[in-house]
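Subject: Structure handover

Hello,

Here is the structure you will be working with. My notes on it follow below.

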Amino acid sequence: MATPSLGEDTAKAVLRQVEFYFGDSNLPKDDFLKTKINESEDDMVCLALICSFSKMRGHLNLTEVKKADDVPDCTLKVVAQTLRTSSSLKVSEDGKKVGRSTKLLEPEELIEQLDSRTIAASPLELNVQREALEAFFGQYAKVNSVRLPRHVVQRKYFCGTALIEFSAVEDAQTVLEQSLVFAGAEQELKPKKDFDVIREKEVEEFERNRSIKTSNGSNAEEKHPKGLLVAFKLKSASAGDSAEQNGPDEKKTAEMKMTKKVDDKHGSPIDKVVEKENKSSISIYKDDMNVVLREDLKDVFKKFGTVKYVDFRIREDKGYIRFEQPEAAQKAHAASVSAKGGLVVKNFIANVEPVTGVAESEYWSLLRGNQGKHRVGNHFHWRGGKNNRGGKRGRDGENGSPRGRPNEAKRARAA
């Protein structure tokens, strides 16, 4: 009788997970697994133990398994069969143990090798998923791991830059030369060593500011970043009303539809459709003065400082700009005021207002709510009241639909 095997998707997930466990980026930091390896005479670990790990139980649908002894023998056989296809793993003859196929390098040499095949990608939303990034970059080269570093100040949250480790230095270099768009944002790709330099400066600045706060008797932790956010509202340069950007004509619509023919061979079809539509949008509307893109807004606002993310979608007339430094947000607002109308973006005028107080808190709260969205966008109203701290607002939304959500975050309304 033929030996049963895992399904294709399950086999890929299991292989990727176990390769990660024993990989260069995880094993040096995994004290539990290192201890198990050191206790073994052959540097291998019980496969049943590996299969009892939380993520492996999920991949193998072992909902009733609580410990290694509970893993069925039939499951161990098919997992061992799958792992034998890996070039980085070795499986014992009886199929009951697994380990690395090569010795772990010395720490200094290992760090140098890891850094050389790892890139930093940004800007990314705070609730981005590792799996989505792995599927996206996996279209271009084999991905060993995806790490989401925490914010230097707000350790609870992702910093907006992901570290993607590839299986080879050559793969990392190839991807660095690409022009990629993820979730509607053109990615800024850089070597990990460049990211480390920036990160070190951020840490130094944070420590310096914390020392100042402590000396002034203030040691309270901020709940969210302050002063990085501005809201904008687009108006036609030739009319006083809110801009309603022109939709795509028939030819452009046809071109956009063509991008939805997705080869289901690699990665997620949905991710590929989104990716191609965004690339198509940039190429189709780049020179269309009546359609504003994220890249158009970024080009205008980047003169004031580093733009971390443009929270905006084509054909909307409102959005947010998230800067890296509060000074940049202040400069953008000042420039909008001094321009006596706003900043010119193609055939539109962007009226810019800082987002402060309750509106600012609610924006970050909703963004960090992990609601499965890559942006805040239409969850917000423009707030009224002095300094955009709130005021009267209608019961209906932008399309006349009732807004019944309590504590819903709002936009800062343009004056």
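Arginine 130 sits in helix α7, which covers residues 130-137. Please keep in mind that this is a predicted model. With a relative accessibility of 42%, arginine 130 counts as partly exposed, because that class lies between under 20% (buried) and over 50% (exposed). Arg130 also belongs to a positive surface patch, together with Lys55, Arg150 and Arg155.

Next, cysteine 159. This residue lies in the loop that runs between β5 (143-147) and β6 (162-166). Cysteine 159 has 14% relative accessibility and therefore counts as buried. Apart from neighbours within four places in sequence, cysteine 159 is in contact with Pro149, Arg150, His151, Arg199 and Lys308. One of these, Arg150, is a member of the positive patch. Leucine 148 is 11 residues from cysteine 159 in sequence, and their C-alpha atoms are 7.4 Å apart.

Then there is helix α12, residues 294-301. Seven of its eight residues are buried, so the helix is largely enclosed by the rest of the structure. The buried ones are Arg294, Glu295, Asp296, Leu297, Lys298, Val300 and Phe301.

Alanine 332 is part of helix α13 (residues 326-338). Its relative accessibility is 0%, so alanine 332 counts as buried. Between alanine 332 and glycine 305 there are 8.7 Å from C-alpha to C-alpha, and the two are 27 residues apart in sequence.

Regards

Definitions and conventions:
Residues are numbered from 1 along each chain as its sequence is written. This is a predicted model: local features need pLDDT of at least 70, side-chain atom pairs count only at pLDDT 80 or more; totals for chains, interfaces and linings use all residues. Side-chain values use heavy atoms; hydrogens and water are left out. Patches are made of residues with over 30% relative accessible area and no salt bridge: like charges are joined within 9 Å, nonpolar side chains (Val, Leu, Ile, Met, Phe, Trp, Tyr) within 5 Å. Accessible areas come from the Shrake-Rupley method with a 1.4 Å probe; for residues, only the protein chains shown count as cover. A salt bridge is a side-chain nitrogen of Lys or Arg within 4 Å of a carboxyl oxygen of Asp or Glu. Lys and Arg count as positive and Asp and Glu as negative; His and the chain ends are not counted. The place of a charge is taken as NZ of Lys, CZ of Arg, CG of Asp or CD of Glu. Helices (H or I, at least four residues) and strands (E, at least two) are DSSP runs, numbered from the N terminus. Buried means under 20% relative accessible area, exposed over 50%, partly exposed in between (1.4 Å probe, protein chains only). Contact means heavy atoms within 4.5 Å.
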